[in-house]
Amino acid sequence: MHFHKLRIRISLLWLPYLLMLPYLPVARLIGWIFIMLTIHEMAHMLCAILFHYPIERINIYPFGLAATITHIGHGSLVKEILIISAGPLMHVLFPSLFQFCVAKGILSPSFASYLHTINASILLFNLLPIYPLDGGRLMQTFFHCFLRFRTAEYATLICSLISITAVFYFHLLQGVSAVIVLIFLILQIFLSWRSLPLTQLQFFHYRRLHPVAYDPILNESFDLYRGRRNIIKYGRGWIDEKDWLTQRFGSEKNSRRP
Ligand SMILES: [Zn+2]
């Protein structure tokens with residue numbers, strides 16, 4: 001397991017939150033949302049640990065955890081579909097948890113039905129095809145099944161912007177907080193767009209250190225298909241992606257395995 005470099009940060013948002021807590025009429029609801037989103041994120045993390053993905057950082061916010069999983073978006077498509085799906089899958093199990101809490105007298109039936117609605121809303125929002133929501137990440141992985149790395153990334157970001165436009169146009173989300181979240185997502189997409197050349201280099205670097213044995217594909221471009229072993233056009237012949245990456249970035253001995 002890869003915990004040696006794990007950094008856990010407690011967000012400064014806790015300070016105003018704890019000060020406001022006694023006066024918040026919805027403190028109990030926020031507490032439950034914290035539990036739901038924490039279990040959601042833990043499911044991603046456990047699945048990532050199972051597949052030997054290093055977890056770099058965990059931020060603890062008043063509304064739940066947020067984990068940074070290193071190399072997500074670079075590795076096996078199947079494993080990453082499982083890691084991404086693990087979080088949303090938890091929301092399918094929560095109704096049974098609420099029922100259990102009602103049976104044990106921990107929750108009133110009316111509050112449980114309210115939580116039921118909140119849980120369904122979180123799940124639906126999370127599955128919107130907008131990067132970096134889980135729905136957007138699943139869409140990204142889908143594009144990587146048949147597009148070259150950079151094309152798949154651009155397709156993800158363009159489709160995310162189209163989805164956000166549709167959400168605004170059809171008023172799928174309403175209220176000030178929804179607008180703030182959508183603006184935050186637009187910002188994330190913009191930043192991802194700008195850092196795409198770096199993201200592609202990180203993918204190449206990862207791929208050089210983690211060679212794959214997938215089905216081969218002939219590739220005449222200077223980009224790689226993530227889900228295939230690329231045989232790249234080189235001069236008058238073809239070379240394996242491992243040799244091509246070594247030509248571009250030097251031998252493995254000269255670089256540290258992350
Ligand atoms: Zn998630």
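Helix α2 buries W32, M36, L37, H40, E41, H44, C47 and A48, a residue being buried if 20 or more other C-beta atoms lie within 10 Å of its own, with C-beta atoms placed from the backbone. This is a predicted model, in which local features need pLDDT of at least 70 and side-chain atom pairs count only at pLDDT 80 or more, while totals for chains, interfaces and linings use all residues. Residues are numbered from 1 along each chain as its sequence is written.

**Helix α2**
- Helix α2 covers residues 27-50, and its 24 residues reach 34 Å from the first C-alpha to the last, close to the 34 Å expected at 1.5 Å a residue.
- The cover over the buried residues of α2 includes β2 (55-61), β3 (64-69), α3 (77-103) and α4 (109-126).
- Just after α2, H52 adopts a positive phi of about 65°.

**Helices α5 and α6**
- The axes of α5 (residues 134-144) and α6 (residues 149-169), lines fitted to C-alpha atoms over the stretch in contact, come within 9 Å and cross at roughly 145°.
- In this pairing, G136, M139, Q140, F143 and H144 of α5 meet A152, A155, T156, C159 and S160 of α6, contact requiring C-beta atoms within 7 Å.

Key: Helix = DSSP H or I, 4+ residues; strand = E, 2+ residues; numbered from the N terminus. Expected span 1.5 Å × (residues − 1). Buried ≥ 20, exposed ≤ 12 C-beta atoms within 10 Å, placed from the backbone. Contact = placed C-beta atoms within 7 Å. Axes fitted to C-alpha atoms, helices over the stretch in contact; angles between N-to-C directions.
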